[in-house]
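Subject: Handover of a structure

Dear colleague,

Please find the structure below, followed by an account of what was found in it. I would be grateful if you would read the account with the structure open beside it.

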Amino acid sequence: MEIDWGLFVELFARTFTFWWVILPAILLGLIVGAIPGFSAANTIIILLPMTLAMEPEIGLIFMVALYASSRMGAGIPAILVNIPGTAGAAATPLDGYPMTKQGRGQQALAISFVSSVFGGLLTTILALLAMPWLSQVAYHLHSVEMIVIMLFGISLIATIAAKDTLKGLIAGFFGLMIGYIGADVVYETPRGTFGFLELYDKVPLIPALVGLFAVSEAFAVIEGESILTKRGKEAMQKAGWAETWEGVRLAISRWWHIIWTSIIGLVIGVVPGAGAAIASFVAYQQSKTFSKTPELYGTGHLEGLVAPESANNGVTSGTLIPLLVIGVPGGATAAIMAVVLQYHGVAVGPDLFDSQPELAYGAFTAMAVTYALMILTVLPLARYMSKITVVSTTYMAPIIISFTLVGAFVPRAYVFDMYLALAFGVIGYVARKTGYHVAAILIGVILGPLLENYFLRALRISQGDIMVIFSSNLGNIMWVLLIISLFVPMYLDKRRKRLSKQAIPITTDC
Amino acid sequence: MSDENGQNSGKPEKHSAGAELVLPIAGLIFTIYYFTTIIDVPWTAQVSAFFVGTILIGLIIALIVRTTLAVRRGDSSWSVAPLIAPKSYVPKRLALLGLTLSYVFFIEWGGFTITTFLFLLCAMLLLSGGKNKGLILSLSLALSVGGYFLFIVAFNTRFPRGPVETMLHGVF
Amino acid sequence: MSDHENDFSRRLFLKGAGATAGAGALSMLPIQMAFAAAFPEQNIQIFVPTRAGGGADRNMRAFTSVWKNHLKTNFEAGFYPGAAGRVGYETYMGKAKADCYNLIFGNMGPEVLNWVVKKPTFDLKSFLYIAQVDQDPGIIFVSRKNKKLKTIDDIVKEGKKRTLNVGVSRLAHPASLGVLALGRHTGAKFNLVPLSGGRNTRAGVATGEMDFGALPSGSVVRKQKQFDIVAVFDKTNPLPDRMKKAIVVNDHFGMKLPPLYAGARAFGIKREAIEKHPDRYKVLTDTLQKVYTDPAYKKAVIKTKAPWKYISYGSPADCEKYVEYISAIGQEYKSLLTGKS
């Protein structure tokens, strides 16, 4: 796979001429990304008749643009109203929403947009250049290595529950148990389903997401007039363009953070089946681990927002690599893109680079151009979008409840899923009221089945030998890194506390 | 996020630890139920869940012990007050829950548009205490009709459909 | 789920919003109640017990895109994946009306094997397959990047030295049973690793985590650049041009395995629907048979890169025979499928 610079330049120039396809796709992507239940994959399915009627090149550009912008769209409600549009944005509200409550929703949106766009742009270009090497990642990250990656994500439970580790762990492990509902992957035995057929295929993510975040939030916020704090409301009323620029400036000041967290996303995205949720959890966890101010995470910290947003956009470029290089889609959206291309007689796989390089490389140039156009279109909107937070909860709560519950219905068209979302809403409400972190429960629900899947596969491969989890060199290196990333912050934290106690001899009652 | 613990100002209160046990006890009951469903299955279907479930039970027992000791020391009480605090919102919250349940129950037959309109109208009136009727009526109408056009007509999404959607199917 | 809707497929079949609106207008006319005899007077609902975008979806789309012209109505697909097809069948039997407007489209092979493992909540006699669409043999395939395993002999030889990991869609699958039988016959050790579906299985083999894989041939033959098909569980190699390296397992190893059709997709219906509406049932079967000889269908199948040679009509009697035969094989390997010996 030689790099042909002339072709790249030509492709970029050509892709820009399709701005009339990309701009509507961006707009649509932002909307469907922002509404739980829609997602790029579902939207591409809904729009199949349209994409099938297009020329393959235009169809591909449209799908790629929709995919990339939906990822960014998912962050908007996550920041503004604490409702991630997709599981990939589940780590975004951890610091995005506290910023909104402080009246800095506009800055938070700008930070998210800049991180998403630069993370996405960078990883797309990296993907384009490093494809021959990146495509090898999937050959090395097998079940055993994926178990460790999952544990990296799950260890975030302990990280975000720093205030009361015991309660944090209970929330996370409860989530994991809920994630284990459904048929096992080897013998298809239904487990913990309460006899509901609708739960045989695991707990559906959107109802869990909608219930834990949106429904429970709606029931909690009705106590106040708006979701903002008093000071936050004052700040919002004064806000103008300057706040957007402040957000841009803040995000750019963390350029290095954007780079490395988006690369985490890219690498995880290359592994078939891993996905944006795990990437953003791992990026957040790593960001906190290496931070000098880990105690600020969860309070509206800049880096806590930059990390997941850069990472989940890094995944977007990553998932295209296995699709194009080994013919195996990296995720659901990529799989549906493959179906559309197939309708046009385009067989995805390594030969595409020889037979139709304009399509194979074009997928990446389309993504890069999308990101470039996206920042111009979306940034000016931050100011207006953030105004939604001043809407009174009298109107906001019922709207959130009805539209997100219907969103829970959309992916599978089971009314059961709406009841399920409501049940998760009750769990989320109880959790919020009694000091448990809903994000910890959700991490468990999302990663539990993935972890079990890889774990059972590894056990099956080793024919029951549990030591298989230490059987690979790469895996063992990753285990060591996992242990370091878990214990070093603990040690540093203790040291910091000790030092601060020595410095300020105040006795506190913790 | 969970900053609404409803603690009253004034005299210092004991930590209401009882409320904190609601979720763990639900988790405990669920885990035990889950275990009963995997007793008679191949070990591959058991191993992960037994591992995670056992840790969860251990954690919950630790929390119960911690809470019991704190109550004995007199630092905490078994009160579940934070769960329902502030009390003045209990009727509104229960009514909203009832409305939401009815919404899900009726949407299967009534379809998205009419059921959403009625839900938004009733829920907003409930929360506003009957104020701003005109605004609420127009907002509910705009959102449900807008939702119909955007999601059902334009996107042809699988939203719940009922008599209104069927009737209008031929028109749009 | 009263509103079994998956409108994208209807839209797909209609190819245009205008047509959608037209059909919608037609279906809402109350006057239709008066002409009960005119079947069909509304869209046909297809329950698919696997994920959207999978092999059954592709197959069903190609078929119904032509059938709709003969039946003069449109099709709406709903996907109900989960527990090896169990969710789809249980949902169909539990919720679909017995009115000939509701059909199921599944893969008889793995799905019937599934009933051997665990009986469904409905009576199996209350349901029958009415038309088999394709007959796709199970195959063994390797990644072209695999330097050691290039032929079936390499596989068997290596399997005698160490246990090989075999990527399969699921345990209860005819292709999986084929690999197991081969292992028993040759003494090679094969460890089946179920990876949930064709896509994941190909991924497992492509990334080298699995030594080789076993699937229906249609799922792999489209990916000739990545994979080599090295053996086929059929009487003969049905596609000598596209599966050049494939040997016929029975001939090569002197075995007497019955053909293991890993892909045997078929439409099914509730028996009660046929008893209540024999006239409607006749319309359904008469029109669907016309699809097989319609050149448009051949074009649609070839467009999906599936081999046209696999398409053949199987009558309800043929389907019943197949179900009996695959159930018998399932009984033989029941311990493997349940994980209990």
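Chain C contains 15 helices and 13 strands; these are DSSP runs, of H or I over at least four residues for helices and of E over at least two for strands, numbered from the N terminus. Of the 341 residues in chain C, 63% are buried (under 20% relative accessible area, with exposed meaning over 50% and partly exposed in between, for a 1.4 Å probe and protein chains only). Among the contacts in chain C with a separation of 6 or more, 79% are between residues 24 or more positions apart; a contact means heavy atoms within 4.5 Å.

Please note that this is a predicted model, in which local features need pLDDT of at least 70 and side-chain atom pairs count only at pLDDT 80 or more, while totals for chains, interfaces and linings use all residues. Residues are numbered from 1 along each chain as its sequence is written, chains are lettered from A and ligands numbered from 1 in the order in which they are written, and side-chain values use heavy atoms, with hydrogens and water left out.

The interface of chain B and chain A

Here, 71 residues of chain B are in contact with 71 residues of chain A. The two chains bury about 6400 Å² between them, 77% of it on carbon and sulfur atoms; buried area is the accessible area (1.4 Å probe) that two parts lose on being put together, summed over both.

How many salt bridges cross the interface of chain B and chain A? The rule finds 3, a salt bridge being a side-chain nitrogen of Lys or Arg within 4 Å of a carboxyl oxygen of Asp or Glu. One of them joins Glu20(B) to Lys167(A), with the closest N and O atoms 2.9 Å apart.

Seven helices of chain B, H1 (17-20), H2 (22-37), H3 (47-73), H4 (81-84), H5 (90-110), H6 (112-128) and H7 (133-154), each supply at least two residues of the side that touches chain A. H3(B) gives the most, with 12 residues. By class, that side of chain B has 50 nonpolar, 14 polar and 7 charged residues (nonpolar: Ala, Val, Leu, Ile, Met, Phe, Trp, Tyr, Cys and Pro; charged: Asp, Glu, Lys and Arg; polar: the others, Gly among them).

Within chain B, Thr115(B) lies in helix H6. Thr115(B) is buried, at a relative accessible area of 8%.

Aromatic pairs

Over all chains, the structure holds 40 aromatic pairs. Rings of Phe, Tyr and Trp (its six-membered ring) pair if their centres lie within 6.5 Å; planes under 30 degrees apart count as stacked, over 60 as edge-to-face and the rest as tilted.

Why is the pair of Tyr284(A) and Tyr297(A) edge-to-face? The ring centres are 5.6 Å apart and the planes stand at 85 degrees, so the pair falls in that class. Tyr284(A) is in helix H17 (residues 276-289) of chain A, and Tyr297(A), 13 residues apart from it, is in the loop between H17 and helix H18 (302-325). Tyr284(A) is buried at 1% relative accessible area, and Tyr297(A) is buried at 7%.

Phe63(C) and Trp67(C) also form an edge-to-face pair, at 5.7 Å centre to centre and 80 degrees between the planes. They are separated by about one helical turn, because they are 4 residues apart in helix H3 (residues 55-71) of chain C. Phe63(C) is buried, with a relative accessible area of 0%, and Trp67(C) counts as buried at 0%.
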